[in-house]
Structures are given as C-alpha cells and as structure tokens.
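Please keep the model open while reading.

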Amino acid sequence: MRNTYFLALLAFIGFSCSSGPENPADQVFINGIIYTVDESNPKVEAVAVKDGMIQAVGTTAEIQEWAGETTEVIDLEGKTMTPGLIESHAHLMGIGYNKLELDLMYVKTYDELVEKVAEAVEKAQPGDWITGRGWHQDKWIEKPEKMVKGFQTNEKLNEVSKDNPVFLRHASGHASFANAKALEMAGIANLSGERPGEVEGGEIILDDLGNPTGVLTERASNLVARLVPEETPERAEEALTLALQELVEKGITSFHDAGSGQDVIDLVEKFKNEGKLTVRQYIMLTGRQPELLEEWYQKGPMIDTADHLLTVRSIKLNCDGALGPRGAWLLEDYYDRPGHRGHETLPMSVVTEVSEKALPLGFQVCSHAIGDRANQEILDRYEAAFAKNPEATDHRFRIEHAQHIHPDDIPRFGEMGVIAAMQAIHLSSDRPWAIDRLGEKRIIDGAYVWQKLMKSGAVVTNGTDAPVEPVDPIPSFYASVTRKTLEGTPENGYEADQKMTREEALKSYTLDGAYAEFEEDFKGSIEVGKAADFTVFDQNIMEVPEEEILKTKVAMTVMGGKVVFKR
Ligand SMILES: [Zn+2]
C-alpha cells in the first residue's frame, strides 16, 4: 500500500519539478544491488535519504531525481546493500573487554593457552591479575594428556604463573579456569566431604584426590570472579569505544545487549549525548540484580522514540548453562555423562515472578535457555503469565538461544508468540560435539531447529552471542544457509532440512531482529519512512556460490544516513 502511494508520488514529482527536486535528499545511494527485505518491493538499485530516514527507493534514474545541489551522492558501484544488520543477542561490554584482555578464542591447544598466559605474566607486575576469555577445550586440535570431567587441569598454568592470579573465562561464559594462586585467594583448597566440589548452582571440579583442577562451572566461577579488581570507568569507556568500532566494522547498525546493569546504561547514554553512539542499542536489564529490576519497575520502560538510539524495556534472565560444560538443563541424562542433567541457574520461581510483574508494566522478558528442560520450564511460566494478563497481547517475550527443544514444545513458540532469539553460528561451532552431549535422536528432533520453529509461526532472530563467538555476522549468515562448520563440513550440512534460505537468513538478521525489539515499523527493511540504516557488502552475499560467502567483507556501514564505517 505504502509503496503504491509512494510510486504515484514519485511519478507526480517527476512530472511536476523539472528544475531539481523540491525536497532534495541529503544523500542518495545509487548503482547498487539492494535487497530491501520488503516483500512488495524486494530488489532496487538506489535509495534517497533525508534527515536520516529513507525518502525514496527505486532505480538509479528515479533516485537521481531526488539529488539537489547539496545532496551527497554515494555511488555503490554495483555493490550489494541490505538493511543495516541487527545483532539480536550479544554482550556489548564483553566485546570491548575481550579486546582489552587475553583473547583465547583462537587458541588451538592447551599449551598455546599456557604460552599466552606466560607472555602476559612477563609484562605484568607481581600480584596483578591475568584475565582472559574465549577458551574452549572442545575446539582445541589436541586434547591435553590429563582431563577431568572433560576439562584440562591447571598444573601447567600454575608453573607459568606462581605469583599472579589467573582467571580465564570459558567461551560459553558458563565456566572458568583459574590457577592455584587465584584458587588460594578464593579459599578453595583440597575438598572432601559428602558432595565435594558442589556449590549452589555450580561445581568446583576436583580430581580423584579431591584437589581442585582450576575449572569452575556456572556460579562456582563467582568465587574467583568476585576477587578480580573492579573495572575502572576509564577502562569501561575504552571497552565501549572498542566494541562500537568492532560493530560498525562488521556491518552492525543495531545491537541487542543481552543483560547489563545501570553502569552500562549510563555509559551508553553518555556516549549518546556526546554523539559517539554509532550503533543503536537495545539493552536488556540484567536479572542478576533484583534491586535494579525493582528500580525499573518503578520508573517503567525507557523507549527512545526520538533518536531510536538507546532503549531499555526488557529483562534478561539466565536460566541454565551451556551444552559445552554440560550445564544446559535437560529433561533426560546427558548422553556422555549418565546421571547428569545439568541444572537451572536461577530458581524457576524467579521466571514466574519477573514475567508476571514485568508484563503489565510493558517490559519484555528474555530468558536464556539452552536445554530442553529449561526451554520447557520457561514456556510454562510465560504461558501462565500470559493467561493472567490477557490484555497484554503484544508481549514479544523471547527465549534466548532456544538451542535444544523438546518436540512437543516447538509449536508452542509460534502459538504463544514467543520469539526464538537464536545464533546460527553456534550450530557451526557446536554441532560437531553437541551430538556427544545429546545423542543423535535429540539432535535431529530438537536441536538448532530453525525451520521447525519458523514453520510453527515463530519469529527467529539471528546473532552471535559475542564474545562467545566473534560478532561478525557473515559466518553466522553462512551457518544459517549451509548448516556447515566454517571448514565447510559436512558436505550437505547438518540436518539439512533445517537450513534457512538466504532471504530467511537476511530477514532474521534485519526485520525479525527489529520485531524482537518492537522496532519493525522504524527499521529492519529498506522502505520509505524507515531509518536509513544500511550494510554494504563487497560482493553479492545473496547470490555468490555458497563457498564464497565467508569471503564477503563489509564495505560500508550506514546508521541513520551517516556513514559510520567505510573500508
Ligand atoms: Zn549471551
């Protein structure tokens, strides 16, 4: 409808002003291959932008009509442009701090990890903390000689860092690895007793002799994490600056931050006021701080209807762990650890309480759930909250990750209108070993089931969970359409019937992401009246052969009509 009207208007303007447009564009983007994610007008060549909003779309010839003397003409030279990409689940400050700490994401062996720590120790003052993140023992090309419960042990780490406490977070965020010095400072020693090593909501992994191995899962990590010196405001600013730079370089124009406190909200607001916020932010309140939630229940959601740069209207709850460290909460035993089903990481009564309180106040709830038990428990609790608040029809409650779902629960996403906020890249990285955790049947029935969810009518968003994975959307797009590892295996992809088409993958990274933050009328597709948020690629990501997709680079990122990155 809007388009028909617009075309008529365009024709009218074309006829009526022969001496330049009456309302010239600020910018025109011409000579592109532009995928709009607007079903009624899916592919165009050019876009005119005024005051950060899309003024017209059409052919290059049509759009040139909008150029006046002061209009900036951006020639896309045949490059491909899409709506600005929306990262629907990642950790803003984590991305920045990752750049300030030891980045262990690309470490290929345990020895390499130890080497990196040794280098850091050399540069550090005695007693300084050595911190890092991103290691993942299942991604190492060879296993260390000694493993306990699937993890390395810290003897080598202790050798290279006797006086500096070391604390290294697992890529999943659900485990950590500390040296003896750090454990000693935390008061963790030889443990024996009835249920040695178990702490509330987590585990201190012990060897046969009852000695801690350095690996802490879930909430046991807090025993050491709380000793790591607080971040200073200067360091936080540095981290945010680095994170924003990383995002624009990767073509991200909107970002859903999966759980932060008031300090981060204040910092982002400061950047906004200083004109430094180059990526739109949708920040979920962390459910780890009940007093923060109380405060926000009092004041209500903060919806940025003026600039659409910083909105806070959702609450993140962390309900279980990840499959890697076997923390995901399952309905049945782990295939590779009988008798173990993972665990919830907060009492389920909290999901009930927060959902029922948040819903009538206009807050969205976003619950992290990986295992089928966690997904089921949350759907049950959401359902009860919806039943109690029948007037709140546009709730858009989400489940973050929704990685492994019992077949009976899959249709409930569509029926209840619960958004599945998934990260396709997890399939590429995790599927090769996730089958060890779940076995074949559960993998096929309910793991990474994008098509089943979409067919149930559910909205499926995309992202990376950075810094768990790099924030780069291109590998996640590749994973979405191929269901292969980044090495290109297996030949036809894992559970190939669940692949997304490229159109679906693009929508999951744009319009569906916008929907998941109540912004689909403002952004997410290239249509007149929407925000001029664009991502430009150096090759046609929608048409290049599958094996070429990973070579695609972001050439330009445009947010609100402003070029915020150009290669
Ligand atoms: Zn996350």
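## Strand pairing

I34 has M81 as its bridge partner in β7. The model is predicted: local features need pLDDT of at least 70, side-chain atom pairs count only at pLDDT 80 or more, and totals for chains, interfaces and linings use all residues. Residues are numbered from 1 along each chain as its sequence is written, and side-chain values use heavy atoms, with hydrogens and water left out.

Strand β2 (residues 33-35) and strand β7 (residues 80-83) run parallel, joined by two bridges. Strands (E, at least two residues) and helices (H or I, at least four) are DSSP runs, numbered from the N terminus. Two strands pair if DSSP finds at least two bridges between them.

The open sheet has six strands in the order β3-β2-β7-β25-β26-β27, with mixed pairing. β3 (43-44) and β27 (562-566) are at the edges. Each has a single partner strand, so one side of each lacks a neighbour in the sheet.

## Helix contact

Residues A236, E237, L240, T241 and L244 of α8 meet L267, V268, K270 and F271 of α9 (contact: heavy atoms within 4.5 Å). By class, this contact has six nonpolar, one polar and two charged residues. Here Ala, Val, Leu, Ile, Met, Phe, Trp, Tyr, Cys and Pro count as nonpolar, Asp, Glu, Lys and Arg as charged, and the others, Gly among them, as polar.

## S429

S429 lies in helix α14 (residues 424-446). S429 counts as buried because its relative accessibility is 16% (buried: under 20% relative accessible area, 1.4 Å probe, protein chains only). Not counting residues up to four places away in sequence, S429 touches K139 and E469.

Key:
Buried < 20%, exposed > 50% of the residue type's maximum accessible area, 1.4 Å probe, protein only.
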